[in-house]
Amino acid sequence: MHTFERAIVVGAGFAGLSAARALADAGLAVTVLEARERVGGRVWSTTLTNGAIVELGAEWIRADDAVVRETAERFDVDLAETGASYSRREPWGPGAAPLADQERFLELADAALAALVPSQVETLTVGAFLETVEGDDAARSIVTSRLAGTCANDLHEVALASFGGERPFASHDERFFRAGSGNQSIASELAASLPDVRTGHAVDGIEHSDGRVTVRVGPLSEHADAVVVAVPAPIAARLVFTPALPADLATALRSLVMGAASKFAVATKERPVPRSRQLADMSMWCWTANGRDGKTRRCVSSFAGSREAQESLGTTRGELAPWLEAVRAMNPDLTLVDEPVMYAWADDPYTLGAYSSWDPASWIRRDVLARPVGPIAFAGEHTEHDRHGTMEGALRSGRRAARQLLERSD
Ligand SMILES: Cc1cc2nc3c(=O)[nH]c(=O)nc-3n(C[C@H](O)[C@H](O)[C@H](O)COP(=O)(O)OP(=O)(O)OC[C@H]3O[C@@H](n4cnc5c(N)ncnc54)[C@H](O)[C@@H]3O)c2cc1C
């Protein structure tokens, strides 16, 4: 077993903070270097003028997100049940297929998937597969809009194999949660529990030789025995590693696509009844959900995933009006007040997209992303392919990366 005393973690998102916590729990001195002026990365909460706490990044916590729940509990962050469903959304817009028709279509999709041989599953995209499912075209259309939103990408770019688990299409009766004080409070509490978290420190390069690591931040250098790189894949691909990363890892990082997604929220005059509504012809949906007092917050939140949806709503041009009008039309019973907030992750300089989106070639390479290189371990949602693109995946990846360093034998 390799013994070491000091580790550096690059990135203070859920993955980096969870790695840092696990290393500190094992008795190591840990420094976290974060490029932004805040912690949390893609978990970013803000408060509307009427006091409603909303999420500009990750929002939905599943009942079986064990590591998120355990972390929230450890730091006394209360989770509020949303009262709205992530997976069963009221269809909205002309020609929208009723929920019952969508569910029938999804069951047919699961049956068609079960009949495929593994080599077909490995090579097909979700888009190509859904075109072959016998079923109602209106249902196919809204299901495609919903799933393209979730994947933040055109489904013809998404590997069917990346839809893991048994019956991945059928909606399961699930309960969903969010931190009443904002999901980012989990990151803030984790960071506060660590002795040395430095924001405003954008790492450019990592050198290692003889088991020692040097991390470069502009003209500054930090030294340690090991490092966890917990930045999104396209950011890791841009870091200068000396010696260079193995070619298969460099290729896997460089070619993993990031989906495009944005969040939007606007205050309401009334306290709305809980709802979730999916547009039939665009990968955009909106919802109202409970706050920490168990009552619905006075606001509507919305998510748009895929480049096509960003284009239609003008998110990457910084436009607010098209999205505001769409949300207004989907919630005719509500009075929307004050300026909305919106964040387009496709433009974020420290993420370069929303979350990992896996084409068949990237899916085949997935294990490479979690493989350590000497004293360097890799964390981040993209390294935890079972739960990629989630807070749960990010937290799990941090623990796994810490374990890999602690169990090193070279
Ligand atoms: C719009 C949107 C909606 C989402 N919805 C959900 C949801 O409902 N439920 C869910 O579970 N998940 C959701 N997710 C996914 C979830 O946010 C991510 O999977 C998770 O937060 C990723 O954590 P991470 O630590 O891997 O990466 P990040 O959170 O991106 O953390 C990486 C950190 O590294 C920092 N960094 C980057 N470059 C450098 C550098 N050079 N030097 C130092 N630091 C650097 C970044 O600033 C960042 O803080 C959503 C994501 C988005 C964008």
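Pro243 lies in the loop between strand E14 (240–242) and helix H9 (247–255); helices (H or I, at least four residues) and strands (E, at least two) are DSSP runs, numbered from the N terminus. The peptide bond that joins Thr242 to Pro243 is cis, with omega about -5 degrees. Asp210 belongs to the loop between strand E10 (205–209) and strand E11 (212–217). Most residues other than glycine have a negative phi, and most peptide bonds are trans.

The model is predicted: local features need pLDDT of at least 70 and side-chain atom pairs count only at pLDDT 80 or more, whereas totals for chains, interfaces and linings use all residues. Residues are numbered from 1 along each chain as its sequence is written, and side-chain values use heavy atoms, with hydrogens and water left out.

The domain assignment, where bounds come from an automatic or database source, gives domain 1 (6–37 + 199–257 + 357–406), domain 2 (45–63 + 260–347) and domain 3 (90–162). The centres of domain 2 and domain 3, taken over C-alpha atoms, are separated by 24 Å. To their contact (heavy atoms within 4.5 Å), domain 2 brings 16 residues and domain 3 brings 14 residues.

Between them, domain 2 and domain 3 bury about 1100 Å², 55% of it on carbon and sulfur atoms; buried area is the accessible area (1.4 Å probe) that two parts lose on being put together, summed over both. Of the area that domain 2 buries against domain 3, 48% is supplied by Arg277, Gln278 and Ala280, more than by any other three residues.

Arg277 also meets Glu90, side chain to side chain, in a salt bridge (3.0 Å, N to O). The count between domain 2 and domain 3 is 1 salt bridge, defined as a side-chain nitrogen of Lys or Arg within 4 Å of a carboxyl oxygen of Asp or Glu. On the side of domain 2 that touches domain 3, two or more residues each come from strand E17 (275–279), strand E19 (299–305) and helix H11 (321–330). E17 gives the most, with 4 residues.

Elsewhere, 3 strands form an open antiparallel sheet in the order E5-E8-E6; strands pair if DSSP finds at least two bridges between them. Strand E5 (61–62) and strand E6 (79–81) stand at the edges with a single partner strand each, so one side of each is left without a neighbour in the sheet. E6 is joined to strand E8 (residues 176–179) by 3 bridges, and Leu79 stands opposite Ala179 in E8.
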